[in-house]
Amino acid sequence: MSQYARFARVYDQDAHRQVAREFHATMVRALGRSFRPQLALDLGCGSGLLTELLAKHVPRVVGLDLSRDMLDLAHDRCRRFGKRVSFLRADLTRPLPARGAELATASGDIVNHIQALPALGRVFVHARAALAQRGLLVFDSLTQACFECDWDDKVYRMSSPAGDLVMECSWEPRQRTGTARMTSYARVDRGRFERRTTVLKEKFHTDAEIRRLLARAGFGDVARLEWSPWPEQLADHRMDRALWIARAM
Ligand SMILES: C[S@@+](CC[C@H](N)C(=O)[O-])C[C@H]1O[C@@H](n2cnc3c(N)ncnc32)[C@H](O)[C@@H]1O
């Protein structure tokens, strides 16, 4: 069972919905209403929270993810869009089964989930190959301030009708790695829950590293917006995330 399968059943929490919603709203504002892609790829689509939002204005959307359990959730969520939305199991570090998209998104700090720089470089190379000339790649990354403030010895508990998700986080500055021990309590019946635990690691990649890998993969016109999905941080200079927009050259 993959790491993500262990908490897929309780992934749909308000906080995760908010990241996808704010990612989408910020992206649409930044790209402008005149940007009208015909085909979008949602890289690391997870349970399809962003895929669903994309499908409301993009005629054809393909969600790609490695986790079958996440893909099953995404498929159920987007069933009403029929053939306009499809899902494929794919490893983002390998060539992707799609070409000619005008937009590729990767929300939910996927670049930090890909820890090794050579692997992240391959993700950008394959995203570039799947995009049309001048197509756009949009993704978010966690800032160093996020790891220092929100990961260092922090515990989060999220609740939803499907069950609870507890994240116990730590931050190792020398390795630039955050560790999240994820315990899911998936509701079964009559007050009974099924508990599963897994450990996820996320790496802080510097802006210079991300820019270098994007350039090597054939992206240009790179824009980096200070960004946070959390309203209370918008007045703060230390934003949780950055939102990146890069053009396939
Ligand atoms: C935090 S979730 C984000 C999901 C979704 N984009 C969202 O905004 O809710 C990270 C997702 O990345 C996927 N993932 C991680 N590494 C991957 C890889 N190498 N190839 C494909 N998917 C990957 C996981 O399966 C998981 O569904």
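## Domains

The domain assignment divides the protein chain into domain 1, formed by 4-142 + 204-248, and domain 2, formed by 146-203. Between the centres of domain 1 and domain 2, taken over C-alpha atoms, the separation is 22 Å. Where the two meet, domain 1 contributes 17 residues to the contact and domain 2 contributes 19 residues. The side of domain 1 that touches domain 2 consists of 5 nonpolar, 5 polar and 7 charged residues.

## Overall form

The structure described here is a predicted model. Its protein chain contains 7 helices and 11 strands. The C-alpha trace spans about 50 × 45 × 35 Å along its principal axes.

Of the 249 residues in the protein chain, 42% are buried. When contacts between residues at least 6 apart in sequence are considered, 67% join residues at least 24 apart.

## Surroundings of the ligand

Around the ligand there are 20 residues, of which G44, G46, L66, S67 and G108 come nearest. Two or more residues of this shell are given by each of the elements α1 (14-31), α2 (49-55) and α4 (110-113). The largest share, 3 residues, comes from α1.

By class, the shell around the ligand comprises 10 nonpolar, 8 polar and 2 charged residues.

How values were computed: Residues numbered from 1 in each chain as written. Predicted model: local features only at pLDDT ≥ 70, side-chain atom pairs only at ≥ 80, totals over all residues. Helix = DSSP H or I, 4+ residues; strand = E, 2+ residues; numbered from the N terminus. Buried ≥ 20, exposed ≤ 12 C-beta atoms within 10 Å, placed from the backbone. Contact = placed C-beta atoms within 7 Å. Domains from an automatic or database assignment. Nonpolar A, V, L, I, M, F, W, Y, C, P; charged D, E, K, R; others polar. Near = placed C-beta within 6 Å.
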